[in-house]
Amino acid sequence: MAEPTNIILYIQLSGYCIAAILSLCITIPMSMHQENFQGHCLLFTTGEWREKDGQFVVNWASQAYCNFTIFVGVVMFVISATQIYRLSLFLYKGKDSSFFSAFVDVISSVFMCSMTLTAALFITLGFDVWCGEMTRRFESCADATENDICRADGIEPKGFYMQMFTAQFGVWLSWATWCGLTVFALLKLCRYHQQENIRVSMAKERKRLINEDLVQEVPHPHASARPGRDNPAQDDIRGKVVVQGNQIVVDVTNRPDLLN
């Protein structure tokens with residue numbers, strides 16, 4: 001039967017493989033979107049529809065929203081690839097990570113949880129703002145992909161809906177994956193901490209037993225002394241006690257003087 005830590009190791013390896021695939025679902029669509037929009041980012045972008053020609057006068061939001069999500073995808077891919085290689089070596093050699101390595105895994109997983117959650121909120125809320133502007137003219141946000149909505153900036157709207165949907169799907173699944181990896185990293189860290197406490201307790205108990213054995217082996221300095229040996233009066237009484245019937249008679253003719 002496999003050890004629990006090995007089971008966790010297999011689960012972690014599977015989770016990092018999933019995270020590596022999902023990172024591509026974030027990076028590739030967002031990069032394609034920025035290329036089609038001439039470097040602009042539609043997240044949190046607003047504007048006004050011009051009545052005379054039906055063009056959308058865009059008030060572009062900061063590119064940092066799209067750049068951040070791409071950055072999160074790249075970092076997630078690098079970390080996942082590194083962990084896949086590292087855990088594969090552990091499985092090949094039949095070993096497991098150390099306590100410090102498990103602690104680093106917890107920190108990196110928590111860090112990626114916060115990063116992917118932030119990116120997910122950027123994509124979800126930012127895309128909702130853009131679609132709100134599109135539905136002012138079209139029946140649905142997806143209908144805007146079939147129309148030339150902004151000739152002035154030379155953007156290519158075809159495919160932006162599918163790109164944002166794919167990125168949104170990937171980033172939320174990535175967040176769920178990293179939350180799971182954080183849980184299993186914490187389980188491994190707690191197991192290592194429990195094992196360390198058991199080792200310390202066993203060492204203390206072994207030391208206590210050794211000390212007790214040493215105390216029992218030391219001879220008592222008065223082990224051969226008879227009770228009352230230090231009292232000369234008791235030595236004088238021995239040999240002067242006579243049993244007569246049911247009475248005990250003590251010869252006190254030569255009673256020692258205890259006062260002198």
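What follows is a walk through the fold, the disulfides and a few packing contacts of this predicted model.

Some ground rules come with a prediction: local features need a pLDDT of at least 70, side-chain atom pairs count only at pLDDT 80 or more, and totals for chains, interfaces and linings use all residues. Residues are numbered from 1 along each chain as its sequence is written, and side-chain values use heavy atoms, with hydrogens and water left out.

On the overall fold, the protein comes out with five helices and four strands; here helices (H or I, at least four residues) and strands (E, at least two) are DSSP runs, numbered from the N terminus. Going along the sequence, the order of elements reads α-β-β-α-α-α-α-β-β. Out of 260 residues, 33% count as buried, where buried means under 20% relative accessible area, exposed means over 50%, and partly exposed is what lies in between (1.4 Å probe, protein chains only). The protein exposes about 16,400 Å², and 62% of that is supplied by carbon and sulfur atoms; the areas come from the Shrake-Rupley method with a 1.4 Å probe, and for residues only the protein chains shown count as cover. As for contacts (heavy atoms within 4.5 Å), among those with a separation of 6 or more, 72% are between residues 24 or more positions apart.

Next, the cysteines. The structure holds two disulfides, a disulfide being a pair of cysteine sulfur atoms within 2.5 Å. With the bonded cysteines numbered in sequence order, the pairing is simply 1-2, 3-4.

One of these links joins Cys41 to Cys66, with 1.9 Å from S to S. Cys41 sits in the loop between α1 (4–36) and β1 (46–49) while Cys66 belongs to helix α2 (residues 64–93), so this pair ties together parts that are 25 residues apart in sequence. The torsion about the S-S bond of Cys41 and Cys66 is about 80 degrees, so the disulfide is right-handed. Cys41 is buried at a relative accessible area of 0%, and Cys66 is likewise buried, at 0%.

The other link is formed by Cys131 and Cys141, whose sulfur atoms are 2.3 Å apart. Cys131 is in helix α3 (residues 99–134) and Cys141 in the loop between α3 and α4 (160–217), a separation of 10 residues. With -70 degrees about the S-S bond, the Cys131 and Cys141 link is left-handed. Cys131 counts as buried at 13% relative accessibility, and Cys141 does too at 7%.

Around the Cys41 to Cys66 link, Gln34 is worth a look. Gln34 is found in helix α1 and counts as buried, with 12% relative accessibility. Leaving aside residues up to four places away in sequence, Gln34 touches Gly39, His40, Cys41, Gln63, Cys66, Asn67 and Ile70.

Val75, in helix α2, counts as buried at 18% relative accessibility. Val75 and Met112 are 37 residues apart in sequence, and their C-alpha atoms are 8.7 Å apart in space.

A last pair involves Ile11, which lies in helix α1 and is partly exposed, with a relative accessible area of 34%. Ile11 and Phe184 are 173 residues apart along the chain, with 8.0 Å separating their C-alpha atoms.
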